[in-house]
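Hi everyone, thanks for coming. I'd like to walk you through one structure today, and I'll keep it short.

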Amino acid sequence: MHPSQVLLEEKKMATVSESHAAVSESYTWTLTAFQQQGTLWLQWHSTAPFRAQQGQIHVYAGTQFPSNPQDQTKAWKWDDASNDPWNTDLPWGSKWFCAWIAQEPPNGPYKYVVQVVTPVAQ
């Protein structure tokens, strides 16, 4: 699986006559980091017909992903923002740690959905 993609599953139960049948569907969440005009841009997409609970896109100031996904944030945006792709106004080539995070239901702590690390400038 590509490191910038996470596959999540939702299971649904359907009743057929007097027996039950399980239906499984898979969805992807993709976070892409790219350079435009010397700055870091992020773009995200999901094939899910629903939004991640309180989903946010984060760029972290540290040298690794923090244990709490809401700590050490340099820039962030709600994942339902209308101006996708997002110009973070941060310089490209700085080995940024970027993530799509969401709350664990119901109203639990934030968890990583997708993580991406940008390359260092050469």
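I'll go through a sheet, its strands, the aromatic pairs and the nonpolar cores. Please keep in mind that this is a predicted model.

Now look at strand 4. How many bridges join strand 4 to strand 5? There are five, and the two strands run antiparallel. On the other pairing, strand 4 is joined to strand 7 by five bridges, again antiparallel.

Is strand 4 mostly covered or mostly open? Mostly covered: five of its five residues are buried. Q56, H58 and Y60 point one way from the strand, while I57 and V59 point the other way, and all are buried.

Let's follow the chain out of that strand. Q64 lies in the loop between strand 4 and strand 5. Q64 has a relative accessible area of 53%, so it counts as exposed. Leaving aside neighbours within four places in sequence, Q64 is in contact with Q72 and F97.

On to the aromatics. The count comes to six aromatic pairs. One of them is F65 with Y112: the ring centres are 5.6 Å apart and the planes are at 70°, so this pair is edge-to-face. The pair links distant parts of the chain, since F65 is in the loop between strand 4 and strand 5 and Y112 is in strand 8, 47 residues apart. Y112 itself is partly exposed, at a relative accessible area of 25%.

Another pair is W76 with W78, where the centres are 5.2 Å apart and the planes at 80°, so this one is edge-to-face. W76 is partly exposed at 40% relative accessibility, and W78 is partly exposed at 34%. Ring pairs also link Y60, F65, F97 and Y112 into a cluster.

As a reminder, nonpolar side chains in soluble globular proteins tend to be buried together. In this model, the largest nonpolar core has 20 residues, and W29, L31, L42, V59 and W100 touch the most other members. Strands 2, 3, 4, 6, 7 and 8 each supply at least two residues of this core. Apart from it lies another core, of six residues, including F65, F97, A99 and I101.

One last stop, in strand 7, which spans residues 97-103 and holds Q103. Is Q103 buried or exposed? Its relative accessible area is 16%, and buried means under 20%, so Q103 is buried. Not counting residues up to four places away in sequence, Q103 touches Q53, Q54, G108, P109 and Y110.

Terms used: Residues numbered from 1 in each chain as written. Heavy atoms only, no water. Helix = DSSP H or I, 4+ residues; strand = E, 2+ residues; numbered from the N terminus. Buried < 20%, exposed > 50% of the residue type's maximum accessible area, 1.4 Å probe, protein only. Contact = heavy atoms within 4.5 Å. Phe/Tyr/Trp six-rings, centres within 6.5 Å; stacked < 30°, edge-to-face > 60°. Core = buried A, V, L, I, M, F, W, Y, C linked by side-chain atoms within 4.5 Å. Pairing = 2+ DSSP bridges.
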